[in-house]
Amino acid sequence: MKTPFFSLVIPTKGRSFVVGDAVQSVLRQTFTDFEVVVVDNDDGDATAKVVNQFKDARFRHHRTGGLPMPENWETACAQARGEFMVLLEDKQTLHGHALERLHELAEKHQPPCMKWQSDTFEDTTDITWIEEAGGTGIARFRESDDLLRTYLSGTMSDAWNNIPIGHLSAFSRKLCDVIRAGPMGRLCPPVSPDYTIGIQALAFGPGVLLLDEALVAMSRRHSNGRSVTRKTALGKQFMAELGGPSRLWSLTPIHAPIIPATLYNDYLELQAAIGGRLAKFPIDWVNYYVESWRSILGLDNDGVPVAEEFAAFRAALEKETPELQQRVWAAIAEREAPAEKSLRKNRRKALRRRTGLLAIERGWKLFTRRLSGRKHIGKFRSPLEFVIWSDELRRQKRKAP
């Protein structure tokens with residue numbers, strides 16, 4: 001059997017209502033040398049009923065069931081036979097030219113790994129809208145050492161835009177084989193497989209070809225990380241499958257389910273197991289506390305109850321040296337705002353939320369954006385609708401004299 005150039009693997013669980021769009025976005029690619037595999041961890045038959053409607057010879061459906069998320073991701077990666085593996089989340093849809101663009105870059109640069117940007121489909125509110133990533137379209141290679149420094153000393157946005165996050169990257173088969181031969185013995189160890197595969201790519205590879213262009217559109221609503229931080233039933237199930245909440249902070253001081261703390265915990269576990277290049281880059285503890293504070297503050301700003309998270313943060317920081325505490329509060333004031341100022345701002349927003357003023361403000365903002373045509377307010381019902389529209393606009397621009 002001929003080896004496809006790309007293997008698109010889609011790990012999914014209980015999202016039959018979106019996974020079909022992800023598959024369809026692959027099958028409509030302008031570059032056709034690929035396979036697409038849905039790795040179905042659904043507890044029932046809903047996903048199977050959706051994906052089995054696709055009769056394309058390049059499509060496969062692999063059934064698992066009862067696996068924690070990292071294990072299902074690992075099983076998905078094991079299904080890949082192509083020269084490059086692309087992990088596509090079930091909530092994502094590819095722009096029609098995505099594989100064509102990646103093939104062009106792979107042939108030209110022969111990179112071990114490629115990473116791109118994402119358009120955001122905001123569907124956590126009553127009215128949907130699009131946050132387009134924009135970008136220059138330029139691809140440049142960054143060395144792993146440089147990216148590890150960025151990861152440990154930068155913001156979460158820096159990490160998102162630069163680290164080869166699993167569901168925004170393509171990994172060569174050679175690099176995957178090297179990672180699997182390493183101490184972890186797998187591509188996607190817990191807790192956060194989208195980041196742990198990226199950190200391992202930096203640990204074992206020379207660097208990443210970063211493309212400043214959105215190749216996918218991604219829903220915000222359907223996210224395990226979002227579910228955990230917002231304490232939903234799905235988030236509690238996710239943590240239970242991993243062995244309980246304490247699994248998220250086995251090596252880090254803040255005992256709270258917040259994304260930065262979890263990612264740093266994953267890094268420490270990988271660093272201890274792999275050593276090598278990772279041993280050269282210790283945790284920046286000031287940055288750990290700053291990004292954790294900003295994460296808790298953001299949740300508070302969104303109206304999520306975070307009294308326990310604030311208490312866990314302060315309890316952990318109080319055990320640090322006075323010098324580190326001082327550096328943390330100074331860095332928070334520099335990167336965000338003085339702590340008390342930020343908290344006062346959030347309290348004022350909470351008051352506007354309780355009185356209904358915030359809903360009026362949001363409605364007016366959406367109305368003005370709709371009139372201006374910005375962000376495509378309420379124009380699309382799904383990421384797939386947006387990418388189809390965007391692809392047609394792209395074709396028209398290329399045809400224009």
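The second largest pocket of this predicted model holds about 390 Å³ of space.

The greatest contribution comes from H17, with seven residues. Sorted by class, the lining of the second largest pocket consists of five nonpolar, eight polar and seven charged residues.

Helix H17 also contains Asp391. Is Asp391 buried or exposed? Its relative accessible area is 3%, and because the limit for a buried residue is under 20%, Asp391 counts as buried. When neighbours within four places in sequence are left aside, the contacts of Asp391 are Arg28, His95, Gly96 and His97.

Attention may now turn to another part of the chain. Helix H15 spans residues 339-355 and helix H16 spans residues 357-372; the two pack at an angle of about 90°, and their axes are 4 Å apart. H15 is therefore roughly perpendicular to H16. On the side of H15, the contact is made by Lys349, Arg352, Arg353 and Thr355, while H16 supplies Leu357, Leu358, Glu361 and Arg362. By class, this contact of H15 with H16 comprises two nonpolar residues, one polar residue and five charged residues.

Note on methods:
Residues numbered from 1 in each chain as written. Predicted model: local features only at pLDDT ≥ 70, side-chain atom pairs only at ≥ 80, totals over all residues. Heavy atoms only, no water. Axes fitted to C-alpha atoms, helices over the stretch in contact; angles between N-to-C directions. Parallel < 35°, antiparallel > 145°, perpendicular 65-115°, else oblique. Contact = heavy atoms within 4.5 Å. Nonpolar A, V, L, I, M, F, W, Y, C, P; charged D, E, K, R; others polar. 1 Å grid on protein atoms, 1.4 Å probe; cavity = no way out; pocket = protein on both sides within 12 Å on 5 of 7 lines; lining within 4 Å. Points joined across faces, edges and corners; volume = space filled by probe spheres on them. Buried < 20%, exposed > 50% of the residue type's maximum accessible area, 1.4 Å probe, protein only.
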